[in-house]
Amino acid sequence: MRYLDHAASSPLRPEAWEAMAPFRSDDYGNPSGGHAVSRRAKNALENARDSISEMLNADPLEIIFTGGGTEADNLAVKGAAFDGGGRGGIVTTPIEHDAVLRSASFVESFGCPLNIVKVDTDGLVDPAEVASHVTPATAVVSIMMGNNETGIRQPIEETVRAVKDVRPSVTFHTDAVQGYVSERIDVQRLKVDLLSLAAHKFGGPKGVGLLYARSGIRLEPLIHGGGQELGRRSGTHNVMAAVGMAAAMEALEAERESFRMRVAAERDAFEATLADLAPGAVFTAAGSSRMVQTSHVRIPGIRNEVLLARLDLAGVAASAASACQSGAATVSHVLEAMGMTPAEARECLRFSFGWSTPAGEGVEAARLVAREAEALG
Amino acid sequence: MRALVAMSGGVDSSVAAALAKEAGWEVLGVTMKLWKGPGGEAPTSGCCTVSDAEDARRVAAHLDIPYYVWDYTSEFMSGVVDGFIDDYISGKTPNPCVECNRTVKFSRLMAHAEALDCDRVVTGHYARIESDGDLFRLRRGVDPAKDQSYVLSMLGQKQLAGLWFPVGELTKAETRHIAADLGIRTADKADSQDICFVGTGDYRDFLASQGVNPAPGPIVDKDGTLLGVHHGITNFTIGQRRGLGVSVGEPRYVVRIDPITSTVTVGSREDLGVSQAVLSDMSWVHRPVTGSLAAQYRAHGSAVEAEVEQTAGAVQVRFAEPQLAVARGQTLALYRDDEVVGGGIIHTVSRAAAPPG
């Protein structure tokens, strides 16, 4: 089985599994209690938080544990828009993840102005254009660091600068769920105010993520209850998962450079081999700045669902757009925003590589893709 | 040998998949997503809902077969829904299940099955395919109450060669029994009676939701006497008795719908009698067959004696006895005993003593 769908999810790193093991039997305490059992859990949770904040160059109090990347995006958009009972406006792009876009249209239905900045045919934003959409009514600007479908990498640093020049007080959120897989993040360098991560994209467990929230940024909580995470996200912590997430991040950062090189090498070899064997294949945004882990390809004349089924039967796991509730692939809103027709979008597939991708996988997978595509041609 | 099973989540297609696997085939299951709500989401009522896809997925998991969900919403829209709306607007009564079979299931899906190196497409239809030398015959299913050969009457040799209907040899009771024995969770699932994209609602509400806003018009009797006013011809089908909004002391039935003048003509039961139908979009299972045949002009109706002629590309069906509720737009399937010889769409009908309409 050749797994080329790391952008969907990545296997659990052994370091994460090991770090999570004690919580199966021994460390079962609720971190919010006062006795020794609770303290152990609390210490473990806070150690995880300390470690994570250090890796992001943030303060521990600025890390909010959530139930995943989607929840972090929801908290960022809705929390900023509704802060203090307000109806703050959102500025965002049409290629964001649905977790941002649907949160944005939800708050729009409550009266928050929504402003969508156009992207070019590669999906890129122009920093000055983003800034020009910011008004006194804007509460948050949300631009993803890297796109989960195409792999395109947005100019976040420049865009934050442009936006803050126009309105220093506006909150800038970036969905770094995919972006963080590709590069180390320093929130002081990026100067973002909010940043979303999801553990299972980098070898941590599913069901846990975080929202970095710069101190001073206020968010209306989505989940009310016992007041955990300084009131911003109530609920008994998933200590095991938070610890697993921290361990996965540590493992990633420990091999950051080699991870980048390895993953980029496999992705590039995949594209080179496929370009050679299937000359009609078109690689999306190949000339623009991309994250290292993703290859988005259009094979003209071939319906992606059918090729994906053939690849599945041939032992290659890949994907196309996102799946709806029934499991069918939807027509991608990302590709549509980039100017592709629905017919072209239906010919696109995404292949993504990760920490467990063996050397040579890119070449082998490309051969299989070319072979299966040819059988359909 | 590899088979692609179209799995709707219902008991028939579930058992079809199980029987194919039991017979030693390499089985792949697929659910076709045909319809989506305004936000792009799959429907949650009617047929082919998210819950149905989940049932299909569970059965596939139980049978340990690969399972996919494919998006056919645009083919379905253009092949089935658009025509459904157009037919009602032009005073016809469409049969969307037939159009789905024609344009989606037994064309696109079969093409995709071939692309996956499948030797057969399997469905849960109650009908039988028999091979007789080089010839493929399509016969009614063993269970007369469930026979679906009518909606399969557009199939030809090439398609029949690539299809298999395992439950056609069974009664519904036997199918449910097999499902229960195999531990398939849909054994007791109720059969869907609805049009999949209309759901439990009324087709008129569906048309309204699609922006169909037909003009009001007169309701007249055969002599042209004005009896009342209606709010759109799409609210009526031939043979309809209820909801006419007229009372003349005796039952009245819709006998004609004129889309051009928006006139609905009502008459007595006798006036409903149709003696002849001309078919368009004719397809023959093997080759044209004329003469004395049996004609079935409704999905749930029996076949009646008829004389069939083919002239200049059009097929004329003359019923031995006048038939009630023969509606333009419906499929008419021709049988020789229990074998389907062909099917077409009712284009025009004529009554013994009236001009064609």
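Modeller: Let us begin with a term for sheets: two strands pair if DSSP finds at least two bridges between them. Please keep in mind throughout that this is a predicted model.

Colleague: With that in hand, which strands form the open sheet of chain B, and in what order?

Modeller: The open sheet has 5 strands, in the order E3-E2-E1-E4-E7 of chain B, and their pairing is parallel.

Colleague: What makes E3 and E7 of chain B the edge strands?

Modeller: Each of these two, E3 and strand E7 (163-164) of chain B, pairs on one side only.

Colleague: How do you know that strand E1 and strand E4 of chain B pair?

Modeller: Strand E1 (residues 2-6) and strand E4 (residues 120-122) of chain B are joined in the parallel sense over 3 bridges, and since at least two are required, the two strands count as paired. Within this pairing, Leu4(B) stands opposite Val121(B) of E4(B).

Colleague: Why is Tyr68(B) called buried?

Modeller: Tyr68(B), which is found in strand E3 (residues 67-71) of chain B, has a relative accessible area of 11%; buried means under 20%, so Tyr68(B) is buried.

Colleague: What is Tyr68(B) in contact with, leaving aside its neighbours within four places in sequence?

Modeller: Tyr68(B) is in contact with Ala309(A), Asp312(A) and Leu313(A) from chain A, and with Gly29(B), Val30(B) and Thr31(B) from chain B.

Colleague: Why is Gln293(A) counted as buried?

Modeller: Gln293(A) is found in the loop between strand E9 (282-283) and strand E10 (294-298) of chain A. Its relative accessibility is 2%, and because buried means under 20%, Gln293(A) counts as buried. The side chain of Gln293(A) also reaches the backbone oxygen of Gln178(A) at 3.0 Å. Among the residues that Gln293(A) touches, not counting those up to four places away in sequence, are Val263(A), Arg267(A) and Phe351(A).

Colleague: What makes strand E5 of chain A mostly covered?

Modeller: In strand E5 (residues 138-142) of chain A, 5 of its 5 residues are buried. As for its partners, 4 bridges join strand E3 (residues 89-92) of chain A to E5(A), running parallel, and 3 bridges join E5(A) to strand E6 (residues 171-175) of chain A, also parallel. Ile90(A) stands opposite Val140(A), while Val141(A) stands opposite Phe172(A).

Colleague: How many aromatic pairs does a search of the whole structure find?

Modeller: The search finds 17 aromatic pairs over all chains.

Colleague: What makes the pair of Phe84(B) and Phe197(B) edge-to-face?

Modeller: Their planes are at 85°, and an angle over 60 degrees counts as edge-to-face; the centres are 5.0 Å apart. Phe84(B) counts as buried at 1% relative accessibility, and Phe197(B) is buried at 5%.

Colleague: Why is the pair of Tyr88(B) and Tyr203(B) called stacked?

Modeller: The ring centres of Tyr88(B) and Tyr203(B) are 4.4 Å apart and their planes lie at 15°; because planes under 30 degrees apart count as stacked, so does this pair. Tyr88(B) lies in helix H3 and Tyr203(B) in helix H7 of chain B, so the pair ties together parts that are 115 residues apart in sequence.

How values were computed. Residues are numbered from 1 along each chain as its sequence is written. Chains are lettered from A and ligands numbered from 1 in the order in which they are written. This is a predicted model: local features need pLDDT of at least 70, side-chain atom pairs count only at pLDDT 80 or more; totals for chains, interfaces and linings use all residues. Side-chain values use heavy atoms; hydrogens and water are left out. Buried means under 20% relative accessible area, exposed over 50%, partly exposed in between (1.4 Å probe, protein chains only). Contact means heavy atoms within 4.5 Å. Rings of Phe, Tyr and Trp (its six-membered ring) pair if their centres lie within 6.5 Å; planes under 30 degrees apart count as stacked, over 60 as edge-to-face and the rest as tilted. A polar contact is a pair of N or O atoms within 3.5 Å; within protein, one must be able to donate a hydrogen and the other to accept it, and residues adjacent in sequence count only if both atoms are side-chain atoms.
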